[in-house]
Amino acid sequence: LRINGTITQGPDDIPKGSYQNITLEVGSDITLSKVSWLQYHKERLDDATKTKFTYLFCLYDREEAMFAFSAKSGFKIVARIKSDLPKKAYSSNTQGTFYEQILKSIETYDQREQPQHIILAAPSFYKDNVISLIKEDEFKKKITVVSCSSVSKAGLEEVSKSSQLTKILQNSRTRLENILVEELFSEIGKEGAYAYGIKEVL
């Protein structure tokens, strides 16, 4: 871990105000002091000590699928797969093969990362095509199916704010931040109760 900062005290041969890098390694001893703690600093520290929940998102349609995990802030997109069939070749059988490929990827990520919950999302016409392939009831209990308008990052944001996932994603910081930003924009739009800027909110 490399720390960058400005020197305020030290030997005479090191000019005050100059910049210094300090490298910390495993086993290094260091003392940190902070003059004052703002409330949100304490809240972030408290949040960091809580159990982290991991969610696997799979957004798909008949042509492509995207896999992402919830991250500390936002999402981490880990893979995209595309059907290798031309559009004119699509049939219920060929599409079924692609959905089986999606399910196999979900099962692989589930075994490897062991997410607390899996969210399947697709445009309404396709959203049951993967869940219908799952035979194990216990695995199905881990999955929630919702609608999305696109297989994209915007689709991920849309899914994270879905009212169907309110309880499931109650521990997701990404969901909370998205909802708060939406509320802020809503209040700005109607000249309601809002404030932004360091001086205005501290």
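**Notebook: surface, fold and two residues**

I began with the surface: the chain exposes about 14,200 Å², and carbon and sulfur atoms supply 51% of it. Accessible areas come from the Shrake-Rupley method with a 1.4 Å probe, and for residues only the protein chains shown count as cover.

I noted that this is a predicted model, where local features need pLDDT of at least 70, side-chain atom pairs count only at pLDDT 80 or more, and totals for chains, interfaces and linings use all residues. Residues are numbered from 1 along each chain as its sequence is written, and side-chain values use heavy atoms, with hydrogens and water left out.

Next I looked up burial. Of the 202 residues, 31% count as buried (under 20% relative accessible area; exposed is over 50%, partly exposed in between; 1.4 Å probe, protein chains only).

For the fold, I found six helices and seven strands (DSSP runs: helices are H or I, at least four residues, and strands are E, at least two, numbered from the N terminus). Their order along the sequence is β-β-α-β-β-β-α-β-α-β-α-α-α.

Then I turned to Ile30. I found Ile30 in the loop between β2 (19-23) and α1 (39-48). Ile30 counts as partly exposed because its relative accessibility is 43%.

Last, I checked Glu64, which lies in strand β4 (residues 64-70). Leaving out residues up to four places away in sequence, Glu64 touches Leu59, Arg80, Ile81, Lys82, Phe98 and Val151 (contact means heavy atoms within 4.5 Å).
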